[in-house]
Amino acid sequence: MLPFQERVELTQLNTFGFYSIAERYIKIESVDLLQQLVDHQHHSTDPLLVLGGGSNLILDDEVPGIVAHMRLRGKQLLKVAQDEVLLKVSAGEAWHETVEYAVNQGFYGLENLALIPGTVGAAPIQNIGAYGVELQDRVVSVEVLDIHSNSLHHLTKDQCQFGYRDSLFKSLDPGRYIILSVTFALTRNPTPQLDYLALKEQCEMLAQGVTITPKHVFEAVCAIRQAKLPDPNHLGNVGSFFKNPYVDPSTYAQLMESYPNLVGFVEADKYKLAAGWLIEACGFKGYRSKSVGVYDKQALVLVNYGQGNRAQIEALAGQIYRSVLERFGVALEVEPRYYPALILSE
Ligand SMILES: Cc1cc2nc3c(=O)[nH]c(=O)nc-3n(C[C@H](O)[C@H](O)[C@H](O)COP(=O)(O)OP(=O)(O)OC[C@H]3O[C@@H](n4cnc5c(N)ncnc54)[C@H](O)[C@@H]3O)c2cc1C
């Protein structure tokens, strides 16, 4: 018998802090138990949600089926050389603590991704990114359990098909693979990535004239994020609610004519627009509707003032989507995952 618990409250297990009840819940602390669960699923029609830190999920009041809470723990150093450190980390480890561990050991490469909530196992799902670095820049391979065959595999970085807030796990074959561990390629050579001006300035301030180290980068990223983003422990949120949309060069040129302050960056043959700017320009920054709203310091972040729920967020997100579409002709895409999935109606 699998150790299911019935009707478990998930309110503390999602960073929006939405009240939510899982029909059945199971804590996954071993690969063996996970394989037993997958075996069980082969004879069941119950939906399965793998839950990490709940920081990229919008849960409904009732979550049907099974919630498997990923709690696999452990870190393993596979190689330690000056130029290359291979670090394998289990899926249930906390992301930020992993970054902090690496920096403290003198293993560099993850410091720009400090203070992102959630687990290591969820990081490849949307190829987390911040301050000029994406997970894909540091990943060697991802160990998975393939639900179809209930067998373990190692996917190379290329097989993961990473893109902007995207991967094989999210878009091409969602739900097929449960991530068990991620192996990172880091280095002991300090090579700070300071492409973001605000980050460079904060690092220079912290370093006070000495050479900037990855530790400075780690501290600077934490300071900037703490000043800019709401702490989910105090104000429920899931970070950026919308992806930054891409437009083609001619659309960008037209928009620039009408809105010379528009914030956008050229990327290959496209332009990436700052979704936060578009939302703010529509007047939503600091806007509140019922118990949810738009964060007053960053319009890309939607927040729960305490009694909010998924229906309220869905309504607010719809309102923002329509305003941005009407004004700029740009369709925003939601970054976090609604679970259960949204049923779109006309
Ligand atoms: C304040 C704040 C700031 C944020 N900043 C950033 C940022 O800068 N950059 C960024 O990219 N994201 C950011 N996020 C979003 C979020 O933290 C990341 O997407 C994170 O990786 C989600 O991890 P999680 O463990 O909480 O995943 P969950 O929310 O628990 O799950 C997210 C998805 O991954 C799936 N999943 C989880 N674990 C596994 C697994 N082991 N195997 C298979 N599927 C799995 C779930 O089923 C779900 O579909 C932020 C969120 C918050 C609240």
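Reader: Where is Q193 found?

Author: Q193 is found in the loop between strand 12 (177–186) and helix 5 (197–207). Helices (H or I, at least four residues) and strands (E, at least two) are DSSP runs, numbered from the N terminus. Bear in mind that this is a predicted model: local features need pLDDT of at least 70, side-chain atom pairs count only at pLDDT 80 or more, and totals for chains, interfaces and linings use all residues. Residues are numbered from 1 along each chain as its sequence is written, and side-chain values use heavy atoms, with hydrogens and water left out.

Reader: Why does Q193 count as partly exposed?

Author: Because its relative accessibility is 30%. Buried means under 20% relative accessible area, exposed over 50%, and partly exposed in between (1.4 Å probe, protein chains only).

Reader: And what is Q193 in contact with?

Author: Leaving aside neighbours within four places in sequence, Q193 is in contact with N112, G132, V133, R138 and L199. Contact means heavy atoms within 4.5 Å.

Reader: Switching topic, what are the domains?

Author: The domain assignment gives domain 1 (5–70), domain 2 (75–186) and domain 3 (236–339). Those bounds come from an automatic or database domain assignment.

Reader: How much do domain 1 and domain 3 bury between them?

Author: About 1,400 Å², with 58% of it on carbon and sulfur atoms. Buried area is the accessible area (1.4 Å probe) that two parts lose on being put together, summed over both. On the domain 1 side, F16, F18 and I58 supply 47% of the area buried against domain 3, more than any other three residues.

Reader: Which side chains meet in a salt bridge?

Author: Those of D60 and R310, at 3.8 Å, N to O. The rule finds one salt bridge across the interface of domain 1 and domain 3; it asks for a side-chain nitrogen of Lys or Arg within 4 Å of a carboxyl oxygen of Asp or Glu.

Reader: Which residues does a cis peptide bond join?

Author: Y339 and P340, with omega about -10°. P340 sits in the segment after strand 20 (337–339).
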